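Me: Could you walk me through how to read the contacts in a model like this one?

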2 protein chains.
Amino acid sequence: MSKKDACIADLKTRVLTLALAPGAMLDEVSLSAAYGLSRTPLREVLQRLAGEGFISLEANKGALVSAMDFSAMRQFFQTAPIVYCAISRLAAENATMDQITALKAAQFDFTKSKGTQDAGAMALANHRFHEIIGTMSANSYLIPAVGRLLIDHTRMSQRFYRGVAPQDSARIDQSAHHHDLLIDAISRRSAEEAVEITLDHWALSREDIERYVWPDPLPDDTARQET
Amino acid sequence: MSKKDACIADLKTRVLTLALAPGAMLDEVSLSAAYGLSRTPLREVLQRLAGEGFISLEANKGALVSAMDFSAMRQFFQTAPIVYCAISRLAAENATMDQITALKAAQFDFTKSKGTQDAGAMALANHRFHEIIGTMSANSYLIPAVGRLLIDHTRMSQRFYRGVAPQDSARIDQSAHHHDLLIDAISRRSAEEAVEITLDHWALSREDIERYVWPDPLPDDTARQET
DNA sequence: TGTATTCACTTTGTATACAAAAAGAGAAGC
DNA sequence: GCTTCTCTTTTTGTATACAAAGTGAATACA
């Protein structure tokens, strides 16, 4: 059973860190060989990953890593703030002591990875942090939604963490500070504060993603071509 | 491939109509025999149903129909109106002509089943109607959430449709009227109206469910027992 | 009589072999 | 030279046999 779980965890990691590119095809036989599993359990792994939104299965055509096209990004920016705020509110109302402990541990890992300059580790630690807030909501209807949002959020943030400019370091520190405030708000069961912090946190992250997608333009040489 | 799809569709129907009770265990061998499938593809069916929230799988213990306990109901009433409104808004903005045609067809089926007094058919037709509105939203993050909400919504409504009192008939007619208004609002791309109608529709349905869960009390005989 | 332990049985999980469907290369026809 | 059809090859889907884990009943012991 453990070998299967390891396979699931590793494939998730590879999707989230873009080691497996969006749209990439996954071959059953090579994967089963790589993880030392037979095709039968490997196919069950793929079904489960598909159920969680990491990959999508097409009949008689195999598995491919979930794509991130323009339409998906539009949906993402439209949906994320609503769902994140709802989740934070519910997390503040329903979080258990054990979950708060786990959240603090995840935040510790995040700040630790912040020092290593390892973009993948930072993005994964951040993912784990927000995943725990999702479970805190104790809402089985919203958890699949936030899970899927986090998959794409982490994949997009990857690109930000990776090309880390000097001024970006401060932004990552601010992000970590938001996490601390959020832990505090949830511990005090203050739903209103948790939502406020979540909105700030979202605004920060959205700016980072947008700056990557629409960077400063290159020097404009079009005038010369018009002669 | 078709036999597998039939199996999935039938199991979904049986879950939604409470033919398979919440919490019921599902045996792989008897199911595979019943649907004329081998255990391997049947297990894939179960994985997929689990991914959509119809059942849940526990390691080394098999599959059981998703439970509907008190906690689930609380989450349901908390989450449904937010998600339904968001979905209706997006549906009005994004619906395609083909989808509107499909929605009208589903509404035709619903009104038709209304005459037959078949509670299961009514609930399933209603389910299908709202499922189409979900796909209209074209939002892959919210669709899993609304899917799960509809599973439990349909299962709870089942109980209402089943014990249909004389005055309930008018309520079902009003529900169908809401559907017509919603089709109209979506066709005219009026997101605001779609949300308003959805709120009315939700209020109506919630009352029906609540009246089933907390019915009028039986005649009060406690006074006599106190002597 | 109550409890604990062991053994048989049932059920889930995995591996391998086989069937079917899709993809691609090659040759024939226009 | 281009299209199209067919055959081969690769890849996905299914069935069956086997391994392992869990469950429950019966028996031995306190």
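The dialogue below goes through chain contacts, a DNA surface, domains and a helix pair.

Reply: Happy to! This is a predicted model, where local features need pLDDT of at least 70 and side-chain atom pairs count only at pLDDT 80 or more, while totals for chains, interfaces and linings use all residues. Residues are numbered from 1 along each chain as its sequence is written, and chains are lettered from A and ligands numbered from 1 in the order in which they are written.

Me: How many residues of chain B are in contact with chain A?

Reply: Two residues are in contact if their C-beta atoms, placed from the backbone, lie within 7 Å. Here 22 residues of chain B meet 23 residues of chain A in this way. On the chain B side, α3 (39-52), α4 (70-94) and α7 (142-162) each supply at least two residues. Helices here are DSSP runs (H or I, at least four residues), numbered from the N terminus. The most comes from α3(B), with seven residues.

Me: Which residues are closest to DNA strand D?

Reply: Near means that a residue's C-beta atom, placed from the backbone, lies within 6 Å of the strand. There are 17 residues around DNA strand D, the closest being E28(A), G62(A), S38(B), T40(B) and P41(B). Two elements give two or more residues each: α2 (28-35) of chain A and α3 of chain B. The largest share, three residues, is from α3(B).

Me: What does the domain assignment of chain A give?

Reply: Domain bounds come from an automatic or database domain assignment. For chain A they are domain 1 (2-65) and domain 2 (70-213). Their centres, taken over C-alpha atoms, are 25 Å apart. Eight residues of domain 1 of chain A are in contact with 10 residues of domain 2 of chain A.

Me: And how do I read a pair of helices?

Reply: Two packed helices are described by the angle between their axes and the distance between the axes. Axes are lines fitted to C-alpha atoms over the stretch in contact, with angles from 0 to 180 degrees between N-to-C directions. For α1 (residues 2-16) of chain B and α3(B), the axes come within 10 Å and cross at roughly 45°. The two helices are therefore oblique to each other (under 35 degrees is roughly parallel, over 145 roughly antiparallel, 65 to 115 roughly perpendicular and the rest oblique).

Me: Which residues make the contact of α1(B) with α3(B)?

Reply: K4(B), C7(B), I8(B) and L11(B) of α1(B) meet P41(B), V45(B), R48(B) and L49(B) of α3(B).
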